[in-house]
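Please find my notes on this structure below, as numbered points. They follow the order in which I would read the model.

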Amino acid sequence: MTAPKPRVLVPSAAGKGEVIRVKTIISHQMETGLRHDAQGQVIPRKIINRFVCRYAGVVVFSMDLHEAISANPFIEFYLRATESGRLEFIWEEDGGGVYQLEHQLAVA
Amino acid sequence: MSLTRRDMLMAACVGSAALASAFPSPGSTRAQDDTAQDDTMDLIERLTGQTPTLSDRLHLVMPAVFPTGYTVPMDLDINSPMTADDHVRRIRVFAPQNPLIEVASFNFVPQRGIARVSTRIRLAEPQYVVAVAEMNDGMLLMTKTFVDVATNGCI
């Protein structure tokens, strides 16, 4: 499997107090642990189990994902633009894998 | 440890109230709806230890019919000012007929966003998907919506 690739769509600028829409996706099989391979062995569970968004260092949104989230998990959420700063998007995987992206947000 | 449907069914066998609701009266769809309602309230009570309130402030928007169970769109939002005194802390989503019933938990922060989110989920069979919102005052709001999927998205 190629490395999970995260992508984020977020505006680079917003007015103060404005609500902005953030769309995120990460390519990931989200193996549930319920499937079997050709030999009949259970394919072990490996999913993205947590997503966190930090805005200027503060967690502003997070999501706990379970097996029922579709492959290539798509998460769309809304933030209030309070100050110019760095947006960090972090995906945590079973087994300790971490994937991150960053965006700068300029707030007028 | 993932919450399986077996865990919930075992708990239901022990609880006497669930046995009565397991046998719906034949014929009327309204009776079926009430049964589903009882099952859902029962499920949330067992999971959270609290009694939820059915609320139209919480909106769980999903297609009524969908051709695949692999990637069913789900939009969730709640009418809340998201101030420090009045906000939703988190919204949990369950699919009681899936082999593993927990779908997701969305955690919100007052004044930093609006309580609105979208994602895509897997459903094993046609069922009521349930959302439970925990408000900052401890109150639980719930809603549910029936989704008829044509294929099993969990295998």
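1. Two residues are in contact if their C-beta atoms, placed from the backbone, lie within 7 Å. In chain A, 55% of the contacts with a separation of 6 or more are between residues 24 or more positions apart. The C-alpha trace of chain A spans about 60 × 20 × 20 Å along its principal axes.

2. On numbering and confidence: residues count from 1 along each chain as its sequence is written, while chains are lettered from A and ligands numbered from 1 in the order in which they are written. This is a predicted model, in which local features need pLDDT of at least 70, side-chain atom pairs count only at pLDDT 80 or more, and totals for chains, interfaces and linings use all residues. The model scores ipTM 0.95 and pTM 0.88. The pLDDT is the predictor's confidence in each residue, from 0 to 100. Chain B averages 87, and 84% of the residues score at least 70. Residues 16–31 of chain B stay under 50, and for this stretch the model has eleven contacts beyond four places in sequence.

3. Chain A has zero helices and eight strands, so its elements, from the N terminus on, run β-β-β-β-β-β-β-β. A residue is buried if 20 or more other C-beta atoms lie within 10 Å of its own, exposed if 12 or fewer, and partly exposed in between, with the C-beta atoms placed from the backbone. By this count 27% of the 108 residues of chain A are buried.

4. The interface: 28 residues of chain B are in contact with 25 residues of chain A. On the side of chain B that touches chain A, β6 (102–108) and β7 (113–121) of chain B each supply at least two residues. The most come from β7(B), with eight residues. By class, this side of chain B has 14 nonpolar, nine polar and five charged residues. Here Ala, Val, Leu, Ile, Met, Phe, Trp, Tyr, Cys and Pro count as nonpolar, Asp, Glu, Lys and Arg as charged, and the others, Gly among them, as polar.

5. Six strands form an open sheet, ordered β1(A)-β3(A)-β6(A)-β7(B)-β4(B)-β2(B), with antiparallel pairing. Its edge strands, each pairing on one side only, are β1 (6–9) of chain A and β2 (58–61) of chain B. From one strand to the next the twist averages 15°; axes are lines fitted to C-alpha atoms, for helices over the stretch in contact, and angles run from 0 to 180 degrees between N-to-C directions.

6. Which strands join the two chains in this sheet? Strand β6 (residues 74–80) of chain A runs antiparallel to β7(B), and five bridges join them. In this pairing Y78(A) stands opposite I114(B). Within chain A, β6(A) also pairs with strand β3 (residues 19–26) in the antiparallel sense over seven bridges. There, V22(A) has F77(A) as its bridge partner.

7. Other pairing in chain A: seven bridges join β4(A) to strand β7 (residues 85–93) of chain A, and the two run antiparallel. C53(A) has F89(A) in β7(A) as its bridge partner. On to strand β8 (residues 98–107) of chain A, β7(A) pairs in the antiparallel sense over eight bridges, with L87(A) opposite H103(A). The two strands form a hairpin with four residues between them, and G95(A) in the turn has a positive phi of about 90°.

8. Backbone points to check: most residues other than glycine have a negative phi, and most peptide bonds are trans. N72(A), not a glycine, has a positive phi of about 55°. This residue is in the loop between β5 (58–65) and β6 of chain A, and it counts as partly exposed because it has 16 C-beta neighbours inside 10 Å. M82(B), also not a glycine, has a positive phi of about 55°. M82(B) is in the loop between β4 (72–78) and β5 (88–94) of chain B, and counts as partly exposed because it has 18 C-beta neighbours inside 10 Å.

9. R45(A) lies in the loop between β3 and β4 (48–55) of chain A. Is R45(A) buried or partly exposed? With 17 C-beta neighbours inside 10 Å, R45(A) counts as partly exposed. Its C-alpha atom is separated by 5.2 Å from that of E31(A), 14 residues apart along the chain. Not counting residues up to four places away in sequence, R45(A) touches E31(A), T32(A), G33(A), E67(A) and D94(A).

Note on methods: Two strands pair if DSSP finds at least two bridges between them.
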